[in-house]
Amino acid sequence: LRLKNFKFLNRNHPKSRCHLWATFFPDIPSLSLEKRIKSLLMTRILPALFALFLLALLGCEKEKIDNSDKNYPIQITATKPGRNVLLEWTKTNISSFEKYVIVSSTDSIPDSPTPAGFVVANLDDVDENHFEDVNIPIAERIFYKVYVDVGDRFLFSPTISVKLEFNLLDISATKIEPYLPKKELFIYDNTRQKLVRYNYETEEIKGELSLPDIFALNYSIGENGSGYELYLNKDNSTKLEIFDAETMTLKTSITAPGNIYCIATGSKGYIFLGTSSWQNGLAVYRRNDKNLVESYNSGISFEHRMDVSANGLELVEVSFDVLNYYILDEQGQVLQQKKQSLFLTPLEKIAISPDGEFFLPAFEGIVFNKDLEVVDKVPDVNFGAFPDFAFSPDGDRLFAASFNLELREFSFPNLTLNETMPLNYSVRRVYTDEGNLIVVGAVFVSGQNKTIIDKLPIN
């Protein structure tokens with residue numbers, strides 16, 4: 001600033017710059033021009049600029065975010081429809097969202113800045129705030145946590161736990177037979193050499209029978225008119241022992257015409273024995289008085305399986321190279337035998353449709369009719385081998401246990417696949433009881449072989 005007229009520095013001159021200065025800034029004393037400018041910068045202009053900056057900053061519209069600065073901004077809930085677990089959580093609205101990461105564990109999951117546990121799903125849709133876990137481990141509980149990847153960090157939910165309803169028994173099952181009217185399973189534990197009577201409705205062991213030093217065991221359960229009995233054969237001998245199934249105590253025994261390979265009971269009060277006798281391979285006894293009422297040449301003199309239809313008067317018998325179908329009268333006499341020679345791998349339990357029109361006797365999944373004609377074959381799964389089959393009560397569905405840890409539901413008789421249910425245990429037997437599937441399997445848990453009993457609702 002160049003001043004050409006001294007009078008402009010005169011504070012009292014009406015045209016003086018100093019006069020103007022004093023008019024607008026009367027509290028600033030008369031100073032040199034340079035000092036006055038410095039004073040103005042420090043006391044007026046800079047504070048004003050700083051105030052304008054703060055106003056501008058506070059006045060800007062900030063991006064709306066969720067409560068990510070709080071602990072556990074994501075809330076999670078879990079329900080258990082059937083055997084699966086359904087998770088739901090609160091959605092995030094942070095613009096830097098990248099994905100949801102769902103983790104699980106059979107132990108509690110600690111809070112950590114990055115996902116901890118087994119990752120079961122990554123979901124990159126911000127609006128997808130639910131997930132159904134179908135691969136449930138064998139455990140008492142399972143724990144879940146949801147992480148949200150927002151680019152530079154993770155938000156996370158609390159850990160939530162779900163009680164699993166797997167029914168685990170300290171039993172190494174080698175043979176299982178049901179008695180569905182009582183909601184019971186008779187399971188042979190080869191490790192402890194005991195036959196265990198187990199109620200799957202109350203989840204209680206009702207009784208045990210010690211069976212030491214045996215290498216083969218066959219048994220079946222049936223009503224005799226005054227109670228239910230256990231029919232048991234050891235080591236393929238000719239002796240059939242008969243126990244009170246309620247108390248597991250021996251009542252009596254009978255001697256069969258040959259070595260006993262299989263036992264079956266039906267709804268008409270008979271005991272069916274498959275024996276080694278060529279002339280008397282099929283022996284039929286009345287359950288109430290234990291008298292022999294039929295001895296028939298079956299054409300099978302070695303190990304085989306048999307089962308009875310729902311009406312109690314049709315019998316299917318299978319070995320590795322012979323398939324027999326019998327029709328009996330009300331007195332247990334054989335009216336007709338149909339026989340087919342073919343090579344099969346017999347199932348432990350022959351699956352017979354409720355109307356008795358169809359049956360599956362072998363691992364290969366071949367469906368036969370009563371004329372022993374092949375009508376279809378269950379679609380191949382895991383090389384076409386199945387350890388067990390079961391029909392729905394109305395006969396319009398077939399459940400097939402597969403060796404690749406899954407259960408498949410087919411419509412019947414057209415065998416269209418309806419559903420695949422993944423399992424994490426090996427299935428041994430499958431039964432239908434009213435509106436449920438009773439699945440008995442084997443699993444290795446904590447260094448031990450255990451038996452798992454899974455109760456699955458039939459939709």
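**A guided tour of a predicted model**

Residues are numbered from 1 along each chain as its sequence is written, and side-chain values use heavy atoms, with hydrogens and water left out.

Colour by secondary structure next: the chain holds 2 helices and 36 strands (DSSP runs numbered from the N terminus; helices are H or I of at least four residues, strands E of at least two).

Now select β18 to β21. These 4 strands form an open antiparallel sheet in the order β18-β19-β20-β21 (strands pair if DSSP finds at least two bridges between them). β18 (260-265) and β21 (292-296) each have a single partner strand, so one side of each lacks a neighbour in the sheet. Within the sheet, 4 bridges join β20 (residues 282-286) to β21, and valine 284 stands opposite glutamate 294 in β21.

Proceed to phenylalanine 358 and phenylalanine 412. Phenylalanine 358 is partly exposed at 22% relative accessibility, whereas phenylalanine 412 is buried at 10% (buried means under 20% relative accessible area, exposed over 50%, partly exposed in between; 1.4 Å probe, protein chains only).

Finally, select lysine 175, which lies over the face of tyrosine 219, 5.4 Å from the ring centre (NZ of Lys or CZ of Arg within 6 Å of the ring centre and within 35 degrees of the ring normal).

Notes:
Predicted model: local features only at pLDDT ≥ 70, side-chain atom pairs only at ≥ 80, totals over all residues.
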